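Please look through the sequence and the 3D structure below before reading on. The paragraphs after it go from the contacts between chains to the packing within one chain.

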Amino acid sequence: MKLYIYIIRRLLLLIPVIIGVTLITFYLSHININLLITEYEGKIHTYAQYLKIRKELHLDGPIYVQYFYYLGALFTGNWGFVSPGDIDPGTPVVVEFMKRFPPTAELALIATLIILALGIPLGVLSAVRKDRIPDHLTRLGAMAAVSMPTFWLGLLVLIMLAPTSPIPHWLTLYGNGQLNWSVYGLTSAGTPAPFYVTGGLSRPTGFLLIDTLYYGDIAAFLNALWYVFWPALVVALTTFGVIIRFMRSSMLENLGQDYIRTARSKGVPEQFVIKKHARRNALGSTTTVLGLIFASLLAGVVVTETVFNWPGMGRWLYEAAYNNDMVSVMATTFVFTLIIVAANLIVDVMYSYLDPRVRLE
Amino acid sequence: MEEALVVKNLKTQFFIYDGVVKALEDVTFTLNKGEVLGIVGETGCGKSVTAFSIMRLIPDPPGRIISGQIRMGNYDLMRGIDQEAEIILKKRPKIKHHNNVIKKNEHFYNKIRGRYISMIFQEPMAALNPVYTVEDQIIESIYLHSMTKILKVIKSASEHLPDLKSFRESGEIGAEFNDEVGTELSKIKNLKKGKDSVEKHLDMLIDEATKFSEKKEKYEELLKHSIEIDDLEEKLLGEVGEQERDSIISVLTKEAKKTKLNRLTKKLKKKNPDPIVSEARREALALLESVNIPNAFQILKNYPHELSGGMLQRVVIAIALSNDPQILIADEPTTALDVTIQAQILELLRDLKKNRGTSIILITHDLGVIAEMADRVVVMYAGNVVETAPSLELYHNPKHPYTIGLLQSIPRVDDPTKKLNIIRGTVPNLITPPAGCRFNPRCQFAFDRCLVEVPPTIETSEGHTVACHLFTGKEVR
Amino acid sequence: MTTQTVGTPLSRALKKRLESTKRSFYFLTRSPLATIGLAVVIAYVLIAIVGPEIIGGNPLMMKQYYLFQGHSIVFNPLPPFKYSQFPLGTTFGGYSIYEGIVKGARNDLILASAVVISGALIGVVLGSIAGYKGGVLGEAIMRVTDIFLSLPTIVIALAFLTVLGRYENVMIGALIIIWWPTYTRVVRGQVLTVREQKYVEASVAAGSSSLRTVIKHIIPNSIYPIFVQMSLDYGNVILTLAALFFLGFTFAGPGFAEWGNIISAASNSAYAGAALYNYPWTITIPGLVILLFVLSLNLFGDGLRDVLDPRMRR
Amino acid sequence: MSEILLKAIGVRKYFPIKGGISGRTLGYVHAVDDVNLTIYKGETVGVVGESGCGKTTLGRVILDLIEPTTGALFYKPDEASVNQLEGLYTELTANGARELKKEEKKILGTTKDNIYKSRSKRKDFRSRVQIVFQDPVSSLDPRMLIKDVIAEPIRINGVPKEDGTNDGTGARVRLRGEVANKYVLDIVTEMGLNEDHLYRFPHEFSGGQRQRIAIARAIAVKPEFIVLDEPTSALDVSVQAQILSLLKNLQKKYNVTYMFITHNLAVIRAVSNRVIVMYLGKIVEEALTDELFEFPIHPYTQALISAIPIPDPTFKRQRLVLSGDVPSPANPPSGCRFHTRCRFAKEICSTEEPKLKEIRAGHIVACHFAEEILKTETSSSGIKKTRETAK
């Protein structure tokens, strides 16, 4: 099968998944009607008004009609407004989303990079030195990392890098470990932040790292990198154990295969037996768990953003949930789910690229 | 007759939880030049362990060659094995795999494997890496051992460029040259695969030669370097002092790193490959054609899962032949295949022996295959060689009770009236093998001496040796 | 078999079984870490059972320490090892960390057990159906499983807690919804391999009914990976629970004895200033308690997998 | 010949190949295609062919372990109904109905006594037949004691009441407690195992012993018919000889009928009375064993026989090495399925499918050129003849 046919096939398989996901979010958002109409608070005084608003929101029809309107609103970008009690009350959810998405994407991508850069070599090392000291250390370390509560590790990092900590001042994270929100231009108020110098400039992409480079401010870029790195590291550390474990076991399995013996019988030096023959095959099967890892990574992102006060979707979700802002909660839930679905798609395509047998089926 | 390989007192053991599996105990045999030596026996008798020990492919842990000698011509292949064994016995069960001595031996052996001794395996489906194309896996082997040859062919092709072009026009190979490209051309001619194939080869040669001329100096330099390395390897295999050996190995280690085999895959995907890749690919093509693969040029690009078992076994054989080895070890090459495909593969092996003069060790449990293929036969039982004889002699005058029992327990398609004779019991557990002769619990002739004394190997007639107390004669060892 | 003539065949067989059990045990102890893990887990379970009874008081809530400064009540943290009544000190809000840990062990273990056991049960039932029967029903089950697998864990839990309210049942329910698909998938995978085994076909050939085949052959042969999965998941459930409590989605007030809740109490006030740095024990100690428990579970689960995976034995 | 034990008519088994974007059925693997088969009481029928020829699937279909796509199966049928059905079937196929036809399905499907359709017949059938598999590792449940492995079919089906009778008329009884234990012990003793073995798990046995246990499980319910699916392929020759002789003794003692599926022609020659050769889901040749080995007619059979390595270095013969691989059963060649590898192939072979015809007494072949081959070729490809000329 050609690769593109495989991708098309995989895309078509997404449709039922997305329908299923919308069904779940629809169920959640419509089970508690009162929450749905909280944004009309203050406008409702009589029962007649209540009925009117219920009609406006199409909540009086049969369930499938409600679902239909829900889907319509979902795909036309009419996602409602951020509730009072949040940071920016009254903003359309879509606008809020445009602001919140880049920070989360930045964090998640850097965390993914750290995971891959650490996890794969360590997994290979662990397998090649099976049952020897490097293996034991790697496995124990990875296992300890995944056993840590994400928020706890985050707090420890914050304590370590707080301005009151005895480390050199330029290493600390600004403002008691909290990234200043103005860096992201999300609030008008706030103390001066590293990037504040360029304040008043527009944010072309919303990505901290890209924007600083856009304005050619290397110092700000390095500073931003420092800020992104720590939460990303926390997310990565609490997630990458799975990839080490999987890489290790799949390396071991591959090293026991007959074709490894064939390679050795050709006189292939041991380092290439590992680099070329075993690792490539192990990478193929390890990609299958990347989707799962990404899902747990996003869960870590929600917690980490809250701890580090990172102005992304995770923090938004936390605040919205805390304030019973159901509209924002459902929006973020839906988007997070879509991200995971998309990540699974990418992983499958990667897998079929790495292992030609998959395309055959 | 000249000896290609001498195996003496080979002893291999596996160290597992339940104890030490004495898989090979004192295995001795010789392989003569240009003959097919059959090794036959049942599961667990140590046939494959013997092959893997010769190739030093015993999975470690848990397995280890404990002692023994293997000589290939003048080369001592077991150099350093005593040193290794010493370390192992001391540190068991926690041997350091990356111990320097072991590592050095590994480097030394990588020069032997695939170059002088090659191996083909039982399961062709599993023997090839599923994520690399067929050509990738053949070229890998050529790259490792035949770099000098590749460069020489390209160089001489560039010298004969006008001739090659005129051959290309006529579509036929005419005059013969006395250098590398001449040999290659006569090889192509001998393949007799038709005009298309000849043109394909010539196209590739012309392409390489042109590119060579463009960057002549660079490739001349490479060739010089490659010859130097070859000389070093040659030296390493011969008798060298400890210190010199270490220095050669360290040079070769660096050299091995430079091959960058993991980049080969990318190079092969390029539209316009460099002449080295192109020549290697041409040789891979010639190899596939020589093992009678139809549409060889397309097959080069295929992945293993796209080919049938018979085809894959041919590819595996092509890989094994890629550096024209002196010895080929075939470990149950047809067991996983259907009878009609088995017939094809056996015919191919027969041609190979005839045309290339390769010495073959054929390992199988099928006495029928042995009868068709082998010149001499080694019968193994429970890690021991129990009988060695020329094929005809063995089938018509078997001596050892095990051989006799084995021959009588095969249903004969040519003689259905023959009654099947049963050897009672099963192959013993090799952790606690029976004392004395290991066959004694199953032997119908066993007497008290068999239970305590390991039988010596006795030569009963010219070239026929047997390890059994029932016979008397000249003790060979 | 001439050497073994003592006792009846059955007693000889039992002796052999004992050997084999010893062997399994050997494989477990070959990894000392797994053994330590098991020991620690057992210790936690004992604490969860006995601990709250010894301490007394409300087994669900932590004791609170406060003082009057003038007319107002102040909840200052107490350092550890200073007052015998609060051996590990207190958090902001004056909650006894020691009580939180001991009583929290019981609360956490009960909550996590409810989630993991129900998830595994659902998984075994649905996975066996999807794997053995296959067909349209099996396909449908797997599609639904796939959809639930793509829901992000904490996110969906937060959504449930928002929409349905912050109740214990909602939290457990949300976590079950997060975890059942994994089990369904694992069980189905196992059943699919076991189903292809010849002994299943032999049983069918002997006239055995589907139900009998599933109960006698399929489930016994595919159940072990579930135990491994459960032991590994247990830790993850604990972590997720702690995270939810840390985020403030408690269903029983700030004094509820739960490991994440202790850290929550500590860190909320920490946002106020440099307090976090000044009172590090308020988050370090409960965090270490979680870490130790989850790590032990993971070590044990890993060892268990090695023992049960015949490929690892040689 | 003696009484008919089993009769299969028009059996086909097509496995769907799922794929494409929607996972719809793209085609079918023609594992067994239009097979008619008669098995007589007390005989051993050998079924031989290369991997992918459908022999294993045929064994499963004959035992009703997988549902066939079409076909009818009769157990000890009365002659009249079989004749009627065969008549109907010939009529249908004579009309060129090679493809699956609804009508055919209807006629074969609704016939009474057809085991594939009748629930009660099926249950009775299951208690009278057994199977032994190739792979001794996976054929025994690793978590069951040998005692329970052997007792399982007894618990489900019971055993015939009168000891040793095997005519299928006796009522079956379920054994319990001590009696059952004693019964199981008797069976294993007969297989050359002892009481100690009963309380062990399968992984504690060697391949040969496991195969004995599998045979014990099959023989425990005193079946009338056993399908042996490559029972010795995974075993060493010395153990193979043990198992073959055990099977022979059991057949004598219990008067059981065997269908022996294998790719090993030497084994077939040693054990069977009659041989069926299959190629890509079709029967290509069928004859008594000696007849087949001495006068193979179908070019495929000839090649197969000539490819058997014979353990005698003096044995020289003309070798017929087939070119190419077995085509994929998902996309079998048109006409005669063997024509892509056949040395006699002419144009007609690729267009018209040859029917099975009786060429010599009891010797059925599906080849357009069977008569001609018989006239010219037999002397060079039969085993015995070559042997004589070689000497």
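Buried area is the accessible area, taken with a 1.4 Å probe, that two parts lose on being put together, summed over both. The size of an interface is often given in this way. The model shown here is predicted, and its chains D and B bury about 3400 Å² between them. Carbon and sulfur atoms account for 61% of that area.

Which residues take part? In this interface, 39 residues of chain D are in contact with 40 residues of chain B. On the side of chain D, the residues that lose the most area to chain B are D:Pro309, D:Pro311 and D:Pro313, and together they make up 19% of what that side buries. Between chain D and chain B the count is one salt bridge. The side chains of B:Arg412 and D:Asp312 meet in a salt bridge, with 4.0 Å from N to O.

Chains C and A form another interface. Here 48 residues of chain C are in contact with 48 residues of chain A. The area buried between these two chains is about 4400 Å², and carbon and sulfur atoms give 75% of it. How many salt bridges does the rule find across the interface of chain C and chain A? It finds two. The side chains of C:Asp302 and A:Arg139 also meet in a salt bridge, at 2.9 Å from N to O.

Salt bridges can be counted over the whole structure as well, and a search over all chains finds 60. One within chain B joins the side chains of B:Glu135 and B:Arg281, at 2.8 Å from N to O. B:Glu135 lies in helix H5 (residues 134–145) of chain B and B:Arg281 in helix H13 (residues 275–290) of chain B, so this pair ties together parts that are 146 residues apart in sequence.

The last stop is a pair of helices in chain A. Two packed helices are described by the angle between their axes and the distance between the axes. Helix H9 (residues 218–237) of chain A packs against helix H12 (residues 270–308) of chain A at an angle of about 140°, and their axes are 9 Å apart. H9(A) and H12(A) are therefore oblique to each other. Their crossing is right-handed. H9(A) makes the contact with A:Trp230, A:Pro231, A:Val234 and A:Val235, while H12(A) contributes A:Leu297, A:Gly300, A:Val301, A:Thr304 and A:Phe308. Sorted by class, the contact has seven nonpolar residues, two polar ones and no charged ones.

Note on methods: Residues are numbered from 1 along each chain as its sequence is written. Chains are lettered from A and ligands numbered from 1 in the order in which they are written. This is a predicted model: local features need pLDDT of at least 70, side-chain atom pairs count only at pLDDT 80 or more; totals for chains, interfaces and linings use all residues. Side-chain values use heavy atoms; hydrogens and water are left out. Axes are lines fitted to C-alpha atoms, for helices over the stretch in contact, and angles run from 0 to 180 degrees between N-to-C directions. Helices (H or I, at least four residues) and strands (E, at least two) are DSSP runs, numbered from the N terminus. Angles under 35 degrees count as roughly parallel, over 145 as roughly antiparallel, 65 to 115 as roughly perpendicular and the rest as oblique. A crossing is left-handed if the near helix is turned anticlockwise from the far one by less than a right angle, and right-handed if clockwise. Contact means heavy atoms within 4.5 Å. Ala, Val, Leu, Ile, Met, Phe, Trp, Tyr, Cys and Pro count as nonpolar, Asp, Glu, Lys and Arg as charged, and the others, Gly among them, as polar.
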